[in-house]
Number of protein chains: 2
Amino acid sequence: MAVVDIADKLSLFSEHWSPKVVAKLNDYEIKLVKIKGEFVWHTHEDTDELFLVIDGSLTIQLRDGDVTLGPGQLYVVPRGVEHCPIAEGDVSMMLIEPAGVPNTGDAGGERTAEPDYNLLDPQ
Amino acid sequence: MAVVDIADKLSLFSEHWSPKVVAKLNDYEIKLVKIKGEFVWHTHEDTDELFLVIDGSLTIQLRDGDVTLGPGQLYVVPRGVEHCPIAEGDVSMMLIEPAGVPNTGDAGGERTAEPDYNLLDPQ
């Protein structure tokens, strides 16, 4: 397992909405993703999901009110809570959740993206 | 669940070697801890452990060689791998692991500390 430098990993890609797995923690995956614009409303019925913003300003829309995160701020969307990330500008963030959780949750559709393991160093 | 501002949480305590739970993710805990000096060699037989350095320079001593982390760098100590954190200066870091994992692993002893939930906002 190699040291993961978050800024270095972020420098290696520019595409949006394509989560990159950079480390594994038991059956969880640590992912980096860049986003801009609005995602789709969706729910993960079986798991919480942690968002940690590295750069930019992220709003997580929730049916009960929005949450806005800047660099160094994190939020855990509880399981079963419908949410929709949106970013006016570019946002770089870390996601932590169990492996195998689809990014679009129950919603599915064209925004569904398989995680990318190309930035994961050999274990 | 409230937004967790890492710097704000770190400003609320100064003691070393006393992990503060700031968020929960399923059955995992997100902890902030300040350290200085050397810990004890120990192993977690049943779980990996994620270290993410926020401030300072952390060395994780391993029997196969040391790993040194600065701000924005993370490392996952695999389950069963003996390790011993050491910091010459003050280090602030995030730990992620399942709830109930003792900080001293199999070693036990006087450095064992119960996690502190006083900085955990109402869920």
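Visitor: Which residue in β7(B) is the bridge partner of B:Glu49?

Guide: Welcome! Please keep in mind that this is a predicted model. Strand β4 of chain B covers residues 49-55, and 4 bridges join β4(B) to strand β7, residues 73-77 of chain B, with the two running antiparallel. In β7(B), B:Glu49 has as its bridge partner B:Val77.

Visitor: And which residue in β8(B) is the bridge partner of B:Asp55?

Guide: β4(B) also pairs with strand β8, residues 83-98 of chain B, in the antiparallel sense and over 5 bridges. Within β8(B), the bridge partner of B:Asp55 is B:Ser92.

Visitor: How many bridges pair β3(B) with β8(B)?

Guide: Strand β8(B) has other pairings to show you. Strand β5 of chain B, residues 58-62, pairs with β8(B) in the antiparallel sense over 4 bridges, and there B:Thr59 has B:Ile86 as its bridge partner. β3(B) pairs with β8(B) in the antiparallel sense too, with B:Ile30 partnered by B:Ile96, and the number of bridges in this pairing is 10.

Visitor: Which residues have the most contacts inside the largest nonpolar core?

Guide: The largest nonpolar core has 57 residues. The residues with the most contacts inside the core are A:Phe51, A:Met93, B:Phe51 and B:Met93.

Visitor: How are the two copies related?

Guide: Chain A can be laid on chain B by a turn of 180 degrees with a shift of 0.0 Å along the axis, giving an RMSD of 0.0 Å. The two copies are thus related as by a two-fold rotation axis. The contact surface is the same for both copies, as the share of chain A contact residues that recur in chain B is 100%.

Visitor: Which element supplies the largest share of the side of chain A that touches chain B?

Guide: The contact takes 22 residues from chain A and 22 residues from chain B. On the chain A side, β1, α1, β2, β6 and β7 each supply at least two residues. By class, that side has 15 nonpolar, 4 polar and 3 charged residues. The largest share, 4 residues, comes from β7(A).

Visitor: Which residue in β1(B) is the bridge partner of A:Gln73?

Guide: Here a pairing joins the two chains: β7(A) and strand β1 of chain B, residues 4-5, pair in the antiparallel sense over 2 bridges. In β1(B), the bridge partner of A:Gln73 is B:Asp5.

Visitor: Is A:His83 buried or exposed?

Guide: A:His83 lies in strand β8 of chain A. Leaving aside neighbours within four places in sequence, A:His83 is in contact with A:Ile60, A:Gln61, A:Leu62 and A:Val77. With 21 C-beta neighbours inside 10 Å, A:His83 counts as buried.

Visitor: Is A:Ser14 buried or exposed?

Guide: A:Ser14 sits in the loop between α1 and β2 of chain A. Its C-alpha is 9.2 Å from that of A:Val33, 19 residues apart in sequence. Because A:Ser14 has 9 C-beta neighbours inside 10 Å, this residue counts as exposed.

Visitor: What value is phi of B:Trp17 near?

Guide: Most residues other than glycine have a negative phi. B:Trp17, found in the loop between α1 and β2 of chain B, is partly exposed, with 15 other C-beta atoms within 10 Å. Phi of B:Trp17 is positive, near 65 degrees.

Visitor: What ipTM does the predictor give the complex?

Guide: For chain A, the average pLDDT is 96, and 98% of the residues score at least 70. For the complex, the predictor gives a pTM of 0.96 and an ipTM of 0.95.

How values were computed. Residues are numbered from 1 along each chain as its sequence is written. Chains are lettered from A and ligands numbered from 1 in the order in which they are written. This is a predicted model: local features need pLDDT of at least 70, side-chain atom pairs count only at pLDDT 80 or more; totals for chains, interfaces and linings use all residues. A nonpolar core is a set of buried Ala, Val, Leu, Ile, Met, Phe, Trp, Tyr and Cys residues joined through C-beta atoms within 7 Å. A residue is buried if 20 or more other C-beta atoms lie within 10 Å of its own, exposed if 12 or fewer, and partly exposed in between; C-beta atoms are placed from the backbone. Copies are superposed by least squares on the C-alpha atoms of residues with pLDDT of at least 70 in both. Two residues are in contact if their C-beta atoms, placed from the backbone, lie within 7 Å. Two strands pair if DSSP finds at least two bridges between them. Ala, Val, Leu, Ile, Met, Phe, Trp, Tyr, Cys and Pro count as nonpolar, Asp, Glu, Lys and Arg as charged, and the others, Gly among them, as polar. pLDDT is the predictor's confidence in each residue, from 0 to 100.
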